[in-house]
Amino acid sequence: STYYLVHTADRSARAFADTTPVRGLDYYYYILTLGQDDPGDPSLNIPPHKRRSSRYYTQTYDPAQLRRAAQLSSEIRVVPNPYNISASQQLSFSGADQLAFFGVPANCTIKIYSELGELIDTIEKNDPSGDVRWFSETSSKQIIVSGIYIAVITDNVTGEKFITKFAVIR
């Protein structure tokens, strides 16, 4: 991975909001602190330098993602749609075989059905974002096959249901 400097803070800073992320990508952060000048030790061949913290104590191991706020309307989208695993140019996420549901309610249940009406997977969501990623697996952890899929999104607060379709090409 490549790390880029995204912010320089003074001693009084207690928070930072990164406004540069792109939706659909995973981001990992770490904090680097600089301390006093260290004169070094010429007898041990250590040059003068500024003391620095190690990133391994302050880095994140869970990804951060840009997410949009939860929706209250029927503007739910499945991305990419159709999902073509062999396509070289398409929106892809950090992990393999991921689809995303954008614009879903904050507290909802997503049930994914095959075109024959078989329940493939159920996703329970209860967080303030409007994004959910699905790894295109059944509830038994089997990779799904090519076909048309139907997602029924139920808002657990209002009981309102939204239905959307998406295609998978393997």
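Visitor: Which residues does Phe101 touch, not counting those up to four places away in sequence?
Guide: This is a predicted model: local features need pLDDT of at least 70, side-chain atom pairs count only at pLDDT 80 or more, and totals for chains, interfaces and linings use all residues. Residues are numbered from 1 along each chain as its sequence is written, and side-chain values use heavy atoms, with hydrogens and water left out. Touching here is contact, meaning heavy atoms within 4.5 Å. Leaving out residues up to four places away in sequence, Phe101 touches Arg77, Val78, Ile110, Ile112, Ile123, Gly130, Asp131, Val132, Trp134, Ala151 and Phe166.

Visitor: What is the bridge partner of Tyr113 in S9?
Guide: Strands pair if DSSP finds at least two bridges between them. S6 and S9 pair in the antiparallel sense over seven bridges. In S9, the partner of Tyr113 is Ile150.

Visitor: What is the phi of Gly117 in the turn between S6 and S7?
Guide: S6 and S7 also pair in the antiparallel sense, over seven bridges. They form a hairpin with four residues between them, and Gly117 in that turn has a positive phi of about 90°.

Visitor: How far apart in space are Val6 and Asp18, C-alpha to C-alpha?
Guide: Val6 sits in the segment before strand S1, and touches Phe16, Asp18 and Tyr29, not counting residues up to four places away in sequence. Val6 and Asp18 are 12 residues apart in sequence, yet their C-alpha atoms are separated by 7.5 Å.

Visitor: Ser136 has a positive phi; is it buried or exposed?
Guide: Most residues other than glycine have a negative phi, while phi of Ser136 is near 50°. Ser136 lies in the loop between S8 and S9. With a relative accessibility of 1%, Ser136 counts as buried.

Visitor: And Lys141, buried or exposed?
Guide: Lys141 is also in the loop between S8 and S9, with a positive phi of about 65°. Its relative accessibility is 63%, so Lys141 counts as exposed.

Conventions
Helix = DSSP H or I, 4+ residues; strand = E, 2+ residues; numbered from the N terminus. Buried < 20%, exposed > 50% of the residue type's maximum accessible area, 1.4 Å probe, protein only.
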